[in-house]
Amino acid sequence: MTTLEKTAVFLEEAQTYYLATVEGDQPRVRPFGTVLIWEGKLFLQTGKCKPVSRQLAQNPKAELCAFSGGQWVRVAGTLAEDPRREIKTAMLDKMPQLRGMYGEDDGNMQMLYFTQAEVTFSSFTAPPETAPLYE
Ligand SMILES: Cc1cc2nc3c(=O)[nH]c(=O)nc-3n(C[C@H](O)[C@H](O)[C@H](O)COP(=O)(O)O)c2cc1C
């Protein structure tokens, strides 16, 4: 498995990860659950009306963390928007429950992907393993 695949599988198994952004000199963090691989990139989904989206527009640096099965992963990098409709459709098809809140043409749904990132898998029993998200 590539680091990208391993990361996506881990996040899906964990179900919830915590996405940190920066607002001025204040870190902000919240639970997220959306994960999608599209054209070899790791995507997540949010709403443009949320503070998290506004923070990323100001400063695209982000880090996420999830814990599952005695291991935790951190993905630290930069997020960018991809506005293509087909990516929104792929996300809504993967998680149909999102359709209650979002739609491809609602002017709010936003797909963000890591342009580059460093992934670290850690546990209490083995040394941390760090790799680029993309080969
Ligand atoms: C388990 C869980 C998963 C969530 N997944 C997402 C998600 O993938 N995208 C999203 O925009 N909000 C998601 N939320 C809601 C956000 O955590 C919530 O809207 C939060 O307030 C957004 O951060 P902000 O207020 O700093 O913008 C999720 C909430 C929970 C409890």
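The dialogue below sets values against definitions.

Tutor: This is a predicted model, in which local features need pLDDT of at least 70 and side-chain atom pairs count only at pLDDT 80 or more, while totals for chains, interfaces and linings use all residues. Residues are numbered from 1 along each chain as its sequence is written.

Student: What makes up the secondary structure of the protein?

Tutor: There are three helices and eight strands. Helices (H or I, at least four residues) and strands (E, at least two) are DSSP runs, numbered from the N terminus. Along the sequence the pattern is α-β-β-β-β-α-β-β-α-β-β.

Student: Why is the protein called as compact as a globular protein of its length?

Tutor: The radius of gyration is taken over C-alpha atoms, and the globule rule is 2.2 Å times the number of residues to the power 0.38. For 135 residues the rule gives 14 Å, and the protein has 15 Å, which is close to it; therefore the protein is as compact as a globular protein of that length. Its C-alpha atoms fill a box of roughly 45 × 35 × 25 Å along the principal axes.

Student: Why is Glu5 called exposed, and why is Thr78 called partly exposed?

Tutor: A residue is buried if 20 or more other C-beta atoms lie within 10 Å of its own, exposed if 12 or fewer, and partly exposed in between, with C-beta atoms placed from the backbone. Glu5 has 11 other C-beta atoms within 10 Å, so Glu5 is exposed. Thr78 has 15 within 10 Å, so Thr78 is partly exposed. Glu5 lies in helix α1, whereas Thr78 lies in strand β6. Of the 135 residues of the protein, 28% count as buried.

Student: How do you know that the span of α1 is close to the expected one?

Tutor: The expected span of a helix is 1.5 Å times one less than its number of residues. Helix α1 (residues 3-14) has twelve residues and reaches 16 Å from its first C-alpha to its last, close to the 16 Å expected.

Student: Which residues of α1 are buried, and what puts them on the same side?

Tutor: Thr3, Leu4, Thr7, Phe10 and Leu11 are buried in α1. They cover an arc of only 135° around the axis, so they lie on the same side of α1. The arc is that of the directions from the helix axis to the C-beta atoms. Glu5 and Glu13 are exposed on the other side of α1.

Student: What are the buried residues of α2, and how do you know that they share a side?

Tutor: In α2, Val52, Gln55 and Leu56 are buried. Their arc around the axis is only 95°, which puts them on the same side of α2. The face turned away from that buried side carries the exposed residues Pro51, Arg54, Ala57 and Gln58.

Student: With which residues is Thr78 in contact, leaving aside its neighbours within four places in sequence?

Tutor: Two residues are in contact if their C-beta atoms, placed from the backbone, lie within 7 Å. Beyond those neighbours, Thr78 is in contact with Pro60, Lys61, Phe114, Thr115 and Gln116.

Student: What divides the residues of the shell around the ligand into groups?

Tutor: Ala, Val, Leu, Ile, Met, Phe, Trp, Tyr, Cys and Pro count as nonpolar, Asp, Glu, Lys and Arg as charged, and the others, Gly among them, as polar. The shell accordingly divides into five nonpolar, six polar and three charged residues.
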